[in-house]
Amino acid sequence: MRGFLHGLTAAAMMLAGAFSAGAAEKTDISITRQPGILYLVSHVMETQKLIEKRAEADGLPGVKVEWRTFSGGGAQTDALLSGSVDIVNTGTGNLLLLWDRTRGKVKGIVTNSAQPVIMVSRDPRIKSLKDIQPGDKIAVPTVGVSTQAILLQMAAAQMYGDNQVHKFDANTVQLGHPDAMAALANQNHEVKSHFSAPPFQYLELKQPGVHEVVNSRDIIGGELTQGTFFTTTQFAGANPTIIKAVREATADAIDVIKKDPKKAVEAYKTVSGDKTSVDDLLAILNQPHMMEFRMDPQGTMKFAAHLYKIGTLKTMPKAWTDYYLPEAADLNGN
């Protein structure tokens, strides 16, 4: 965690010179995401070239989008700060940390998903977080800063008091969701619990002996943004048409998902190579709260308040609009 934050501080010092004022808008852009159906909006955007179409309609023809998949949010934010990608699509915690450490030079564009994430376990002893012992391993996408890791901190504070906020930190190990699902399927693997994400959590729950321990809605008391497009303010200032196109394409993709889930799932399978059947994926989308693909931030100020209280954020935002671009200010976020 300390190394991660040190890297953010160093990278922030380089951001001011990352883009030259007055330059022509980029037409070759790169956007990241993580594995899973949480990022279904991006799969629809990619297969239907929605950003490219919107950019052309807005007066910027010839846009080409490279989509890159990373196993965790930490690698995505490193890529953004190094300038090797232009926009990332990952969780609320990473956005808040970068906004804070870069003194507002990284901000959100628009959100795209607010589905629940579930911690599962194949250990029959672990029925709730109260059953976690020092030797138990919990897989999370990025130790310390992923949505799942922060949720565990919030749960620890709720259960044991603020002075025990890091109680579960030592239990967490960093594994991408596909690798964590494979670990759960291996009876000899030391990792027996996984704070997962769709579709992996539902596929894991089909494995013998795997059961739900806790989910994000239990901890945060409602919906929580899982996927957010964000970028540097320098990139946003130099590329207003791209920023507008990303927001418009997000709305278009959500519309496709709502109207034709089968088409959206087929896009996911095409891009991800996931072997899960279309019928099984549609059944996953029919799980409670799984169609919460939405553009307005949800639960993000609760995350910010937690991170500020424990000292991870040095600045407490006054409102969610502090860490989103002005182009998002009309959304009904929280």
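Student: What are the mean pLDDT of the protein chain and the share of its residues that reach 70 or more?

Tutor: The mean pLDDT is 93, and 93% of the residues reach 70 or more; pLDDT is the predictor's confidence in each residue, from 0 to 100. This is a predicted model, in which local features need pLDDT of at least 70, side-chain atom pairs count only at pLDDT 80 or more, and totals for chains, interfaces and linings use all residues. Residues are numbered from 1 along each chain as its sequence is written, and side-chain values use heavy atoms, with hydrogens and water left out.

Student: Where does pLDDT stay under 50?

Tutor: That stretch is residues 16–22, for which the model has five contacts beyond four places in sequence. Contact means heavy atoms within 4.5 Å.

Student: Why is helix α2 called roughly perpendicular to helix α11?

Tutor: The axes of α2 (residues 40–48) and α11 (residues 240–259) come within 9 Å and cross at roughly 100°. Axes are lines fitted to C-alpha atoms, for helices over the stretch in contact, and angles run from 0 to 180 degrees between N-to-C directions. Angles under 35 degrees count as roughly parallel, over 145 as roughly antiparallel, 65 to 115 as roughly perpendicular and the rest as oblique. The crossing of roughly 100° therefore makes α2 roughly perpendicular to α11. Helices are DSSP runs of H or I with at least four residues, strands are runs of E with at least two, and both are numbered from the N terminus.

Student: Which residues make this contact, and how do they divide into nonpolar, polar and charged?

Tutor: From α2 come L40, V41, V44, M45 and Q48, and from α11 V246, A249, T250, A253, I254, V256 and I257. They divide into ten nonpolar, two polar and no charged. Ala, Val, Leu, Ile, Met, Phe, Trp, Tyr, Cys and Pro count as nonpolar, Asp, Glu, Lys and Arg as charged, and the others, Gly among them, as polar.

Student: What makes β7 and β9 edge strands?

Tutor: The open sheet has the order β7-β6-β8-β5-β9, with mixed pairing. Two strands pair if DSSP finds at least two bridges between them. Strands β7 (172–174) and β9 (211–215) each pair on one side only, as edge strands of this sheet.

Student: How do you know that β6 pairs with β7?

Tutor: Three bridges join β6 (residues 137–140) to β7, and the two run parallel.
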